[in-house]
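Thank you all for coming.

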Amino acid sequence: MDLGIKSWLQSKGNTLPQEKRLTREAVISLIIHSTFQFGASMSGVFLNLYLWRLTHSVAVNGTYNIIVYILTPIGFALGGWMIKKKDRMVSYRLGIMLIGLFYLSVIIAQEALVKYYVAFAIFNGLAAAFYWVGYLTLMYDVSTEQNRIRYLAYNMIFFTMASLAGPALAGFIIRLKEGLSGYTIVFGIAFCMFLLAALISMKIKASGGHHRVYYLKWTGLIMKKNRDWLKALLGFFGMGLLQGTMLFLPNILLFQVMPREDIVGYLGVLYSSLSIAMGMFISKYAQGSKSRLYLAISTIGYLVGVSLLLGSITIWTVVGFMILYSVFSPLQGNTMTGYYYGLIAKLPLKGELKVESVVVRELFLNVGRVISIFCFITFGSDLEGGMIPWILMIASLTQFALVWSIKNR
């Protein structure tokens, strides 16, 4: 996979101007993230189903995710401190290893996971935070204003390809085994992939400039003075209002109408394929000057998808909704991330606030996610009731706020 990705990216970059080509470290970062995501997509998708099979409780699944998203900003703040005082790769590698240990713990605990699900949620939230704050900082460092849209698009393509293969393989394995033993095998394979990602990460050297000042406590003052940055952060809060529920609900809905893990996994292949196609389209045609149009289009796509669920929740309406979500979610995410990275370079201290910017962004995003899941538990925990489409409709309507939150570049 290492050589395949490298050669493919080199062939794509040979015809480009030098400033738009990806560096060696950018390519390696894509390989690491793809390896990591393969394991994460195998295990993460089915962790919620594992909890569901053990409890059949939306409240337990929702509470688990709320705890994860509450702890994640705390983990981001701690990881940001590590990056400032040590290096981005310290937080990054620690996150990979802790996530590996998390799934090893799931294997050991098995059914006892339900008894200690609060502790597992805390562990998961902190481990994921260390990984993501390191990776998001690395993404900024290995890309430039000239090649960032291209880098982010390739990142999404490889991320989605890994997300395509992981659930399909996991669903196949779980279907072959009786009871819950297939889940244990899946979590074991994921652990091996995280270990491999940690080893590949050794190819990226530490950056210079350690022991820098951590300006997190000053970010509130900067928000007051920089209205564009505050508006972008509020945009990420809006994203979280839909993302929170969408990160765990779709697979539970699919399993409810089609109780087979392999079908859930194979449909994941379809969704990922559509996201890859959108990623390729973005990498070739996306323009910063049309960012607000892209956000408006993605929101309309969400609303059309949710409208399919208003009649009834069946295998066809759920699949139709997820198809549209898989097409338009990458367009929204890539647009917001590219715009935000552009803003970071314009903040005071000329890029020294990149770590703090990533930490604060995660806080706003996760507050939105927590509110989303809390509302879902309160009003839509009955999967047989009719509130789920309306909750998703309201969350989708909030996405129009993202159009207000940014400027065309």
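In which helix does Arg88 lie? Arg88 lies in helix 4, which covers residues 88-109, and by helices I mean DSSP runs of H or I with at least four residues, while strands are runs of E with at least two, both numbered from the N terminus.

Before I continue, a word on the source: this is a predicted model, in which local features need pLDDT of at least 70 and side-chain atom pairs count only at pLDDT 80 or more, whereas totals for chains, interfaces and linings use all residues. Residues are numbered from 1 along each chain as its sequence is written, and side-chain values use heavy atoms, with hydrogens and water left out.

Back to Arg88, then. Arg88 has a relative accessible area of 6%, and is therefore buried, where buried means under 20%, exposed means over 50% and partly exposed is in between, using a 1.4 Å probe and protein chains only. In sequence Arg88 and Ala206 are 118 residues apart, yet their C-alpha atoms are 7.4 Å apart in space.

What does the side chain of Arg88 meet in a salt bridge? One partner is Asp141, at 2.8 Å from N to O, the term requiring a side-chain nitrogen of Lys or Arg within 4 Å of a carboxyl oxygen of Asp or Glu. Asp141 belongs to helix 5 and Arg88 to helix 4, so this pair ties together parts that are 53 residues apart in sequence. Asp141 is partly exposed, because its relative accessibility is 27%.

Glu25 also forms a salt bridge with Arg88, with 3.7 Å between the closest N and O atoms. Since Glu25 sits in helix 2 (residues 24-55) and Arg88 in helix 4, that pair ties together parts 63 residues apart in sequence. Glu25 has a relative accessible area of 25% and so counts as partly exposed. Taken together, Glu25, Arg88, Asp141 and Lys354 are linked in a network of salt bridges.

Let me turn to the helices themselves. Helix 5, residues 117-142, has 26 residues, and its end C-alpha atoms are 37 Å apart, which agrees with the 38 Å it should span at 1.5 Å a residue, the expected span being 1.5 Å times one less than the number of residues. Helix 5 is mostly covered, with 19 of its 26 residues buried. Helix 12, residues 291-307, reaches 25 Å from its first C-alpha to its last, close to the expected 24 Å, and its buried residues include Tyr294, Gly301 and Tyr302.

Leaving aside residues up to four places away in sequence, Asn61 touches Asn48, Leu51, Trp52, Thr55, Phe248 and Ile252, a contact being heavy atoms within 4.5 Å.

Finally, the chain as a whole. There are 16 helices and zero strands, and 57% of the 409 residues count as buried. Of the contacts with a separation of 6 or more, 86% come from residues 24 or more positions apart.
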